[in-house]
Amino acid sequence: MKPFSRELFGSRFGVLMALAGSAIGLGNLWRFPYLTAQNGGAAFILIYIVLLLLVSIPTMITEYLIGRRSRTSIILTPNRLGHPKMKFIGIFAIISAICIMGFYNVVGGWTIKYLTSSIMLQFGSDTADYAGQFSEYISSPYMPLIHTFIFTGLIAFISFKGVKKGIEKASKIITPTLFIATVLIAIRAITLPGAYEGLKYLLVPDFSKVSIDTIQNALGQGFFTLGLGAGTILIYGSYTKSDENITNSSISTAALDLFFAIVAGIAIIPAIFAISYANGSTPTLDAGPQLVFVTLPSVFASMPFGDIVAILFFFSLALAALTSAMSIFESITAFIIDVTEKSRDKAVYICYLICLIPATFCSLSQGVMSDVRILGLNIFDLLDMLSANVFMTLASLFLLIFAGWILKKEDIIDELSNHGKATTPMWILNTVYILIKYVAPLGVTAIFTYWLLF
Ligand code: PHE
């Protein structure tokens, strides 16, 4: 087995940008605004924050601290920490990572296509059939595949350069750029006439819309957006210096991620409302691909300076997808390096090929293979469902049990306190430990059971 030393992130800012880059992704842009608008605005955000504090952040801290303590990738972690029988946790996490790479890279490919179309000013007509254009594009056999290969190739290119010169450097440039671009779009959106109605719809609390589903959605969103249970936080944790405060950087990542998600909501929902009022139609709110590839292009087409906003938007979408996919790619690459002891270059080639297999099926499942259905779902939706609802949840649950019930409390506190050197008060560390041991596993078990039963 390789020694404990490995390439580390160089700076605190670099770690935060890499973690935030992994967290901020499609989930923030196409799911959070919709969930918030549909589930009672600020009421949803409040529930989301409570669950973040009780369940998602403690789960993130767990993955992070285990990664840093073991300084290896998720499959070898239990070995390194003296519990080889727990190896199966890593298998769940790597399966989630491969499933996510299947559909995420395909969407990454779509963002490249829409970014190029927006640069070529193809979203100018408010009467164009954007729904038809989108379904024609994604169902064609070649173009989306080529775009997916290019998107995954970009990630491989960054990954070749390693942790500091590749991942950290790219994150330090991309994550702040993404923030600025999204803030600019939000400013354009709220200065449109009629935007106020959308802003009210998005943010005014409406507790009558809150149900058990809201809680399940809030918890599920917290998990997906922080990328828990795919080995990404663990691997970034393993590259983090031992004087980094794990609790603080987990809270900062979750806060940046939430801030970004709210700004994305302000960029998207008021614009949809403003343009529908101007056209005399009722605003349509969708989540997922429909929202970003169909509704928004027609909104941009009707908006003053819409061409520029479209470029900025698809640029942000592509960057957000890129830094998230990069962290998942790294989880798999590092696993290959640590297990096979191959060089990074070889591991990156292997990972590229591993990612392209499910991605090819996911891409074709939108067209020529759309008849292939498992559990009633096409391959794209199946991998999405399996990763988000089964593998990420179970890997996270097992990691929590591993930290809370198998590893020693002293070791957890030792890691969280940077071997006694951090200034975090003891009561905070004890509270975090209680959340890891009792509250978070109960929360995760509850979402999983609810999903299984309903
Ligand atoms: N957090 C990313 C998003 O919101 C997705 C992701 C999942 C990243 C799993 C890392 C690991 O889109």
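How many nonpolar, polar and charged residues are in the lining of the largest cavity? By class, this lining has eight nonpolar, nine polar and no charged residues, where Ala, Val, Leu, Ile, Met, Phe, Trp, Tyr, Cys and Pro count as nonpolar, Asp, Glu, Lys and Arg as charged, and the others, Gly among them, as polar. The structure is a predicted model, in which local features need pLDDT of at least 70 and side-chain atom pairs count only at pLDDT 80 or more, whereas totals for chains, interfaces and linings use all residues. Residues are numbered from 1 along each chain as its sequence is written, and side-chain values use heavy atoms, with hydrogens and water left out.

A search of the whole structure finds one cavity of 30 Å³ or more. A cavity is here a set of points, on a 1 Å grid over the protein atoms alone, where a 1.4 Å probe fits but cannot get out; a pocket is an open set with protein on both sides within 12 Å along at least five of seven lines, and lining residues have an atom within 4 Å of a point. The largest cavity has a volume of about 140 Å³, taken as the space filled by probe spheres set on the points, which are joined across faces, edges and corners. Its lining comprises 17 residues, with Ser22, Phe224, Gly227, Ser324 and Ile328 nearest the centre. Two or more lining residues come from each of H1, H2, H5, H10 and H14.

The ligand sits in the largest cavity, a placement that requires more than half of its atoms to lie within 2 Å of the grid points. Around the ligand are 16 residues, of which Ala23, Leu26, Tyr104, Phe224 and Thr225 come nearest; a residue is included if one of its heavy atoms lies within 4 Å. The shell has seven nonpolar, nine polar and no charged residues. Helices H1 (12–23), H2 (26–38), H5 (88–119), H10 (212–226) and H14 (306–340) each supply at least two shell residues; helices are DSSP runs (H or I, at least four residues) numbered from the N terminus.

Polar contacts are pairs of N or O atoms within 3.5 Å. A polar side-chain atom of Tyr104 lies 2.5 Å from an oxygen atom of the ligand, and a polar backbone atom of Leu26 is 3.0 Å from a ligand oxygen. For Gly27, a backbone N or O atom lies 3.0 Å from an oxygen atom of the ligand. The protein covers 100% of the 320 Å² of accessible area that the ligand has on its own (Shrake-Rupley method, 1.4 Å probe).

Definitions and conventions: Polar contact = N/O pair within 3.5 Å; in protein donor to acceptor, adjacent residues only side chain to side chain.
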